[in-house]
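Please report on the local geometry of this protein chain.

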Amino acid sequence: MKAVVLARFGGPEELRLDEVDRPEPGPGQVRLRVRAVGVNPFDAKVRAGAMESTFTTPLPAVLGLEVAGEVDAVGPDVTGLSVGDEVLGWSDTGAYAEHALATTVARKPGGLSWEHAVTLPVAAETTDRALRLLGVKAGETVLVNGAAGGVGTMAVQLGVLAGLRVIGTAGPANQEHVAALGATPTTYGDGLVERVRALAPEGVDAVFDVAGGGVLPAAIELRGGTDRIVTIADAPAAAELGVVFTGGPQERSAGRLAELAELAATGQLRTTVAATFPLAEAAEAHRLIAGGHGRGKVVLIV
């Protein structure tokens, strides 16, 4: 099968289409004929070798956590799934490929396209994890830094669905988009503390930093300390300042993913695709996400 292979750490140019062996499903796994792949900033960090101090990636490697496709083989001990089923979930083997193995998947509703289905797994799991760590409850105010990207878009909407008041930071071009998601928008950068205080004179109850950009000192000032601040984007600053950093999928729930997929299919949850690329142009997809400030998910179509 064809797959995008990373043979050595480096820039986007190190992602090259190659022929590799097609994987066979083991116990509890299904094999998917991949239709769409989510491209995440995490992928770019792995590609660059920036994650090696946290965990090692044996090379050559195939990247990609998020996958949507059709089941084309079923391993032992799999129940409830058959060849031909359309699903979305998390890849066990890397999803930048024509075929991938997966253990945790949910059925894709018929009204949800492949590219929009694949925006859900990582953003939903990350948001649910962060909101649990923040201990938010209905009626509270949460600041989401980076509200227009893939995770930020999900965080705003799931926060609103949970009864939170959400203030979301984004660039000037994305203010209307953030407002349409249900948040009160504001720009990031200098003066953020004053802008947020003007929008929420009673203060913010929690801060979810999705985008980094040196926002943690402002978050600490707004909270009056490090309590109830979570970042997924700035591990070094989090360690230095005593803020909670959370990274990597920790609770993959097929049931929760199925629930959110239904909400997306019926229009109750808005999914946003920033751009699509064919598998062979994975390097271009990585160049795009390197710029940041995007709206929604970058997706590979296989």
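## Helix packing and local geometry

Helix α6 passes helix α7 in a right-handed crossing. A crossing is right-handed if the near helix is turned clockwise from the far one by less than a right angle, and left-handed if anticlockwise. This is a predicted model, in which local features need pLDDT of at least 70, side-chain atom pairs count only at pLDDT 80 or more, and totals for chains, interfaces and linings use all residues. Residues are numbered from 1 along each chain as its sequence is written, and side-chain values use heavy atoms, with hydrogens and water left out.

Helix α6 spans residues 192–199 and helix α7 residues 216–223. Helices (H or I, at least four residues) and strands (E, at least two) are DSSP runs, numbered from the N terminus. The two helices pack at an angle of about 40 degrees, their axes 9 Å apart. Axes are lines fitted to C-alpha atoms, for helices over the stretch in contact; angles run from 0 to 180 degrees between N-to-C directions. From α6, Leu-192, Val-193, Val-196 and Arg-197 meet Ala-218, Glu-221 and Leu-222 of α7. Contact means heavy atoms within 4.5 Å. Five residues of this contact are nonpolar, none is polar and two are charged. Here Ala, Val, Leu, Ile, Met, Phe, Trp, Tyr, Cys and Pro count as nonpolar, Asp, Glu, Lys and Arg as charged, and the others, Gly among them, as polar.

**Rings**

The structure holds one aromatic pair. Phe-42 and Phe-55 are stacked, at 6.0 Å centre to centre with 25 degrees between the planes. Rings of Phe, Tyr and Trp (its six-membered ring) pair if their centres lie within 6.5 Å; planes under 30 degrees apart count as stacked, over 60 as edge-to-face and the rest as tilted. The pair links distant parts of the chain, 13 residues apart. Phe-42 sits in helix α1 (residues 41–48), Phe-55 in the loop between α1 and β4 (66–74).

At Trp-114, the charged end of Lys-108 sits over the ring, 4.7 Å from its centre. The criterion is NZ of Lys or CZ of Arg within 6 Å of the ring centre and within 35 degrees of the ring normal.

**Backbone**

Leu-59 and Pro-60 are joined by a cis peptide bond, with omega about 0 degrees. Pro-60 lies in the loop between α1 and β4. Two residues other than glycine have positive phi: Asp-77, near 70 degrees, and Arg-228, near 60 degrees. Asp-77 belongs to the loop between β4 and β5 (86–91). Arg-228 belongs to the loop between α7 and β11 (229–231).

**Accessibility and contacts**

Buried means under 20% relative accessible area, exposed over 50%, partly exposed in between (1.4 Å probe, protein chains only).

| Residue | Relative accessibility | Class |
|---|---|---|
| Phe-42 | 28% | partly exposed |
| Phe-55 | 33% | partly exposed |
| Asp-77 | 68% | exposed |
| Ala-7 | 55% | exposed |
| Val-244 | 40% | partly exposed |

Ala-7 is placed in the loop between β1 (2–6) and β2 (15–19). Residues up to four places away in sequence aside, Ala-7 touches Glu-14, Leu-59 and Pro-60. Ala-7 and Ala-61 are 54 residues apart in sequence, yet 6.6 Å apart in space, C-alpha to C-alpha.

Val-244 is in strand β12 (residues 244–245). Apart from neighbours within four places in sequence, Val-244 contacts Leu-133, Ile-229, Val-230 and Thr-231. Val-244 and Leu-300 are 56 residues apart along the chain, and their C-alpha atoms are separated by 32 Å.
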